[in-house]
Amino acid sequence: MTRHVRAEEVGFRGEPAVELASGDLTATFLPGVGMTGVSLRHRGRERLHLRDGVEVLRSGRTAALPLLAPWANRLSRWSYEAAGVAVDLTGQSPPVRTDKATGLPIHGLLVGQPGWAVDRLGTDGDAATLRASRPVDDPAFPFPHTVTIDVRVADDRMVVATTVTPTGDRPVPVAFGWHPYLCLPEADRSAWHLRAPARDHLLLDAQGIPTGERVAVPVEAAPLGNRTYDDLYEVGDAPGADGRALAFALDDGTGIAMIPGEGFPYAQVWVPDGLPYAALEPMAAPTDALVTGKAPLVAPGDAFTATFTLAAT
C-alpha cells in the first residue's frame, strides 16, 4: 500500500509553519519562532507539549521541541573561555536568558528567535524532509558558524540531524542540545513507564552543575509514579543503536522514545513535579561544557553533526 507523504507550508495558530507527514506521523515546525518543532502527532495523538503556546517560545522560554544552542542547560558562571577566546555574558543586548531557580545563564541564544531560512522542503520516497539553516555570530558566542537542521519523517520516526559549520577563522565549540517536551495525554503521568539503558549518571550539585562524580546505573523500566528527575547521563555514542533509547511508554506499549545517535553521547532526563509533560534531552556535550572546556571544537573547513530520533509506538 502506498504511504501518504507530504511536505508543505501550512499555518499553525496564526504562524507560518512547515509540516512533514508520512503515514501515521506528522511533524510541524515554526521557522519564524526558532525553527521549533511545535507538534508531533502519531495516529492523531500529540506527543509534544507546547505548554502555554507559541508566546512561551517568543519570550525565550522553552516548549515543545526547541533547539538549545549554542549551549544546552546551565553554565556555572557568567563568563567562559573557549578556543582561546574569553567571553563575558553580562550586559549583553538582548540579555542572555537566566534560569530563575539558580540565576545562571541557560539554554543559549536561539530559543524562539527568527533568522531561519527553509532551504529545502520536499519528499523522498516514503519520507518527508526539511532542511533549514541560520547564521550565528553573537558577542555572547563570538564563534561565527551556520547551524543547519535536517529533518526526516518516515516509518513512525522523526530523525533530526543538527550540523555546525564554522564560517570564520575560529574553531567553534559544540555544546548544543534539544529539549523535547514529551507527553502521553491519554494517561496520567504517574502511569508512564520510564525506559532507559544502562548508563553513567553524572552527579549534579544543587545548581544542576556536574560535580565530576559518576555512578553506573542499570537498565530501567518502571512506572514513574511520583518520581521526579533533573539528571544528566552519559549514554555513549553508537550511531543508529536503538538499545540507547530512552522512552516514556504506557502499559499497552504506546509511547515515545528518544534515541540519541552519533554526536549525542549525553542525555538529560527532566521530569518536573506535578506537570503533564517530561523531557528526554539529547546533548552534544555535558552541562557547563563551555566553562569546563569539555565542549568539542570543530575547526574551520570542517563540520560537526549530531543526530537523534523521536520514535512513536
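Thr 98 touches Trp 78, Gly 103, Leu 104 and Ile 106, leaving out residues up to four places away in sequence. Touching, or contact, means heavy atoms within 4.5 Å. This is a predicted model, where local features need pLDDT of at least 70, side-chain atom pairs count only at pLDDT 80 or more, and totals for chains, interfaces and linings use all residues. Numbering runs from 1 along each chain as its sequence is written, and side-chain values use heavy atoms, without hydrogens or water.

Where does Thr 98 lie? In the loop between β8 (85-88) and β9 (117-124). Strands are DSSP runs of E, at least two residues; helices are H or I, at least four; both are numbered from the N terminus.

Buried or exposed? Thr 98 counts as partly exposed, because its relative accessibility is 36%. The cut-offs: buried is under 20% relative accessible area, exposed over 50%, partly exposed in between, with a 1.4 Å probe and protein chains only.

One distance. Phe 29 is 69 residues from Thr 98 along the chain, and their C-alpha atoms are separated by 25 Å.

Now the whole chain. Its secondary structure comes to two helices and 26 strands. Of its 313 residues, 55% count as buried. The C-alpha atoms fill a box of roughly 55 × 40 × 35 Å along the principal axes.

Last, contacts. Take those between residues at least 6 apart in sequence: 63% join residues at least 24 apart.
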